[in-house]
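Subject: Structure for you to look at, with notes

Dear colleague,

I am passing on the structure below, followed by my notes on what was found in it. Please read the notes with the model open beside them.

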Amino acid sequence: MPRLKRKLSISKVYHVIIRGINKQDIFLDKQDYFKFIKEIERTKSKYKYEIYAYSLMNDHVHFVIYDKNENMSIVMQSLNVSYSSYFNKKYERTGHLFENRFKSKAIESEEYLKNVVRYIHKNPENAGLKKYEWTSYNEYLYKEKLINKEIVLKAFEENINNAINDFKYFHKNYSKYQDYDKGYELLTRITDEEAIEMIKNIVKENNPLKIQQYEKNEKKKAVIKILKIEGITKVQISRIIGISTKTICKIEKESSQK
């Protein structure tokens with residue numbers, strides 16, 4: 001299947017996600033986070049892009065990036081290659097660390113920008129993490145390190161001091177908008193092509209349709225593992241392995257009750 005050309009943004013601002021391959025953790029200790037941040041600083045200096053927000057999670061990274069020179073693919077490739085080289089050497093591993101293609105979505109309005117920044121900052125909290133230090137939230141309240149915060153703050157209020165107060169209130173009242181902000185999770189949905197490769201790796205089958213022929217308990221085990229793939233849908237699973245969505249839902253329900 002040929003890859004579609006990325007949709008360019010009029011504003012040149014994007015929500016970007018890069019993820020570890022097969023949900024591989026990409027940060028195992030503090031040194032890893034610091035190394036990744038250094039690579040961001042290096043690529044920012046070289047390619048002249050700006051970051052409006054970020055969140056470094058165990059197995060994926062969120063950015064809001066202003067890609068004024070339209071170098072996104074080159075930036076991500078440079079960032080991923082250099083960090084992967086460091087990670088593989090440190091942990092004595094080989095092969096890909098990141099999924100082959102990063103996700104990106106154009107941001108064309110101030111309202112969308114404010115909400116996606118909040119969603120990124122709340123990503124650790126949604127994952128059950130408290131007092132998480134690897135986001136840009138504190139840079140908005142205090143000193144900037146990686147980000148340019150002026151654009152986002154001015155989307156709240158021209159006066160920066162007032163804008164910071166509005167920004168804090170906007171984040172504090174996240175629970176009121178949580179269902180609304182779930183829309184930003186759609187960016188993590190994966191393509192059938194990506195899902196097929198992940199399923200092949202999980203079940204060690206070149207043809208995922210063979211799962212239909214598994215003994216009942218083995219089939220259940222395989223489906224439960226596949227359901228854990230981030231961004232996959234039950235409809236996708238059904239389409240790829242040839243098992244009805246009703247059966248997949250039943251397996252998921254039985255698994256959750258154990």
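In this predicted model, α10 crosses α11 in a right-handed sense, where a crossing is called right-handed if the near helix is turned clockwise from the far one by less than a right angle, and left-handed if anticlockwise. Helix α10 covers residues 234-241 and helix α11 residues 245-256, and the two pack with their axes 9 Å apart at an angle of about 120°; axes here are lines fitted to C-alpha atoms, for helices over the stretch in contact, and angles run from 0 to 180 degrees between N-to-C directions. The two helices are therefore oblique to each other, given that angles under 35 degrees count as roughly parallel, over 145 as roughly antiparallel, 65 to 115 as roughly perpendicular and the rest as oblique. On the α10 side the contact involves K234, V235, I237 and S238, which meet T245, I248, C249 and E252 of α11, contact meaning heavy atoms within 4.5 Å. By class, these residues divide into 4 nonpolar, 2 polar and 2 charged, with Ala, Val, Leu, Ile, Met, Phe, Trp, Tyr, Cys and Pro counted as nonpolar, Asp, Glu, Lys and Arg as charged, and the others, Gly among them, as polar.

Some notes on conventions belong here. Residues are numbered from 1 along each chain as its sequence is written, and, the model being predicted, local features need pLDDT of at least 70 and side-chain atom pairs count only at pLDDT 80 or more, whereas totals for chains, interfaces and linings use all residues. Side-chain values use heavy atoms, with hydrogens and water left out.

As for the chain overall, its secondary structure comes to 11 helices and 4 strands, these being DSSP runs numbered from the N terminus (helices H or I, at least four residues; strands E, at least two). Of its 258 residues, 44% count as buried (buried means under 20% relative accessible area, exposed over 50%, partly exposed in between, with a 1.4 Å probe and protein chains only). Among contacts between residues at least 6 apart in sequence, 72% join residues at least 24 apart.

A further helix pair is α3 (residues 110-126) and α6 (residues 160-172), whose axes come within 10 Å and cross at roughly 60°. That makes α3 oblique to α6, and the crossing of α3 and α6 is right-handed. Here K114, N115, V117, R118, H121 and K122 of α3 meet F167, F170 and H171 of α6, a contact with 3 nonpolar, 3 polar and 3 charged residues.

Leaving aside residues up to four places away in sequence, V152 touches Y52, L113, V117, Y140 and F167; the C-alpha atoms of V152 and Y140, 12 residues apart in sequence, are 9.3 Å apart in space.

Turning to the aromatic rings, the count comes to 16 pairs, where rings of Phe, Tyr and Trp (its six-membered ring) pair if their centres lie within 6.5 Å, and planes under 30 degrees apart count as stacked, over 60 as edge-to-face and the rest as tilted. Y83 and Y86 form a tilted pair, 5.4 Å centre to centre with 45° between the planes, and both lie in helix α2 (residues 72-90), 3 residues apart, about one turn of the helix. Y83 is buried at a relative accessible area of 0%, and Y86 counts as buried at 16%. The rings of Y137 and F167 have their centres 5.7 Å apart and their planes at 20°, so that pair is stacked. Since Y137 lies in helix α4 (residues 137-141) and F167 in helix α6, the pair ties together parts that are 30 residues apart in sequence. Y137 is partly exposed, at 23%, while F167 is buried, at 0%. Ring pairs also link F27, Y33, F34, F36, F63, Y83, Y86, F87, Y91, F98 and W134 into a cluster.

Finally, the backbone: most residues other than glycine have a negative phi. K23, not a glycine, has a positive phi of about 65°; K23 sits in the loop between β1 (13-19) and α1 (30-47) and is partly exposed at 38%. E92, also not a glycine, has a positive phi of about 50°, lies in the loop between α2 and β4 (103-106), and counts as exposed at 75% relative accessibility.
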